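Welcome, and thanks for taking a look at this one with us. Below is a short briefing, grouped by topic, to read alongside the structure.

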Amino acid sequence: MNKVYNFSAGPAVLPKPVLQKVQQELLDYEDTGMSVMELSHRSLPFQGIIDDAEALLRDLLSIPDNYHVIFMQGGASLQFSMIPLNLLEAGGTADYIVTGSWSKKAVKEAEKTGNVNILKADDLTSPIPSYSRTDFSENARYVHITSNNTIEGTRYRDYPDTGDIPLIADMSSHILSERLDVSKFGLIYAGAQKNLGPSGVTVAIVREDLVGEAPAHCPSLLDYGTYVKHGSLFNTPPTFSIYVLKLVLQWVKENGGVEGMEERNKEKADHLYSYIDQSNLFDNPVCMENRSLMNIPFTTNDDALNAKFLKEAGNSGFHFLKGHRSVGGMRASLYNAMEPSGVEALVEFMKDFERRHF
Ligand SMILES: *Cc1c(COP(=O)(O)O)cnc(C)c1O
């Protein structure tokens, strides 16, 4: 088989050494004679896996002691509901900065629970404004942002200064991609299937004071307190996904940690943006200061040519480059696990396409 490059926005490429390790120990996990998939979540070997996963994440992001790390199901989308159910039901207002499709979906769920105040720029490709305390509602319970906009290809450069209001961020598509000061946030969450592992597990990093705020009628599985109290083992967690997540975190650590990832991600993104910016055929619509390192949309000015590009790319081993249906064109997702050689090969392919079509 020819070399295949996976530019999917998610589920996405995983580090090859991680997949090899999974394969190698799939039938016999650490001399148990059983597959990880067959282990009880109450067993010592699985407790070791979930403990290691948490310890690795704490280490990689220098998570302060007054934060809990929890593992849940339901994807980032369930967090859109869980956050207001825990923090907004009792009353007050939540401020949501809308910078793309995922923020809009978060708003839609929050509005089912409480009062939402929306802040947004006119145009999703123009700079994300810088916000400070006075921009937010006086009584805001929290401010919610999407720190990397997977579909639009933008990210925050400077996070809003929310003062005394907890800042909550959906980091699904760029957690562990660059340095992060966790202490600036009240709650960070991410579905795993972009930068952390396979689908099925969602990670949240929650400051202590935001746990235990859910009203009594909140279902147990939607209450952060339940996960904290039971070490994410109130009911059966997605054991296999947590195991692969642990291996991905180990891989990040062995490859320079978050700093190493950031350096490599900046080089990869630079390489693609530099080519696009001088290309006569391809264009990236996003303002310079908010360009994502992870999701890079690009397009020609001709739908038929976009379709031709995608077809030829697929035939040459460059997969899942189709842009989200809401924006069209193309999108290359360059998550941590995307090798620099994959980006170099893509740019060479684009150059060749441009020579033939411009
Ligand atoms: C993919 C994505 C989601 C949705 O994740 P699910 O796990 O499918 O619910 C939410 N937010 C962002 C920023 C995403 O990239």
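This is a predicted model: local features need pLDDT of at least 70, side-chain atom pairs count only at pLDDT 80 or more; totals for chains, interfaces and linings use all residues.

Two residues are in contact when heavy atoms of theirs lie within 4.5 Å.

**Around Trp 102**

- Trp 102 belongs to helix α4, which covers residues 101-110.
- Because its relative accessibility is 24%, Trp 102 counts as partly exposed.
- Ala 76 is 26 residues from Trp 102 in sequence, and their C-alpha atoms are 9.5 Å apart in space.

**The chain as a whole**

- Nine helices and 13 strands make up the secondary structure of the chain.
- A compact globule of 358 residues would have a radius of gyration near 21 Å, and the chain agrees with that at 21 Å.
- The C-alpha trace spans about 65 × 60 × 30 Å along its principal axes.
- Of the 358 residues, 55% count as buried.
- Taking contacts between residues at least 6 apart in sequence, 69% join residues at least 24 apart.

**Surface and charge**

- The chain has 33 positive and 46 negative charges, and the mean positions of the two sets are 5 Å apart.

**Nonpolar cores**

- The largest nonpolar core holds 55 residues, and those with the most contacts inside it are Leu 57, Leu 61, Phe 71, Ile 175, Leu 176, Leu 196 and Ile 205.
- Helix α6, residues 239-254, gives the most to this core, with nine residues.
- A second, separate core has 34 residues, among them Ala 269, Met 294, Ile 296 and Leu 346.
- What does Ile 205 touch, not counting residues up to four places away in sequence? Its partners are Leu 57, Leu 61, Ile 63, Tyr 67, His 68, Ile 175, Val 182, Gly 186, Leu 187 and Ile 188.

**Backbone points to look at**

- As background, most residues other than glycine have a negative phi, and most peptide bonds are trans.
- The peptide bond from Gly 10 to Pro 11 is cis, with omega near -10°.
- Pro 11 sits in the loop between β1 (5-6) and α1 (16-24).
- Ser 232 is a residue other than glycine with a positive phi, near 60°, and lies in the loop between α5 (224-229) and α6.
- Is Ser 232 buried or exposed? Ser 232 counts as buried because its relative accessibility is 4%, and the cut-off for buried is under 20%.
- Phe 320 also has a positive phi near 60° without being a glycine, and is found in the loop between β12 (318-319) and β13 (330-333).
- Phe 320 has 58% relative accessibility, so Phe 320 counts as exposed; the cut-off here is over 50%.

**Around Asp 303**

- Asp 303 is part of helix α8, residues 303-315.
- With a relative accessibility of 66%, Asp 303 counts as exposed.
- Asp 303 and Gly 328 are 25 residues apart in sequence, while the distance between their C-alpha atoms is 8.6 Å.

Key:
Residues are numbered from 1 along each chain as its sequence is written. Side-chain values use heavy atoms; hydrogens and water are left out. Helices (H or I, at least four residues) and strands (E, at least two) are DSSP runs, numbered from the N terminus. The radius of gyration is taken over C-alpha atoms; the globule rule is 2.2 Å times the number of residues to the power 0.38. Buried means under 20% relative accessible area, exposed over 50%, partly exposed in between (1.4 Å probe, protein chains only). Lys and Arg count as positive and Asp and Glu as negative; His and the chain ends are not counted. The place of a charge is taken as NZ of Lys, CZ of Arg, CG of Asp or CD of Glu. A nonpolar core is a set of buried Ala, Val, Leu, Ile, Met, Phe, Trp, Tyr and Cys residues joined through side-chain atoms within 4.5 Å.
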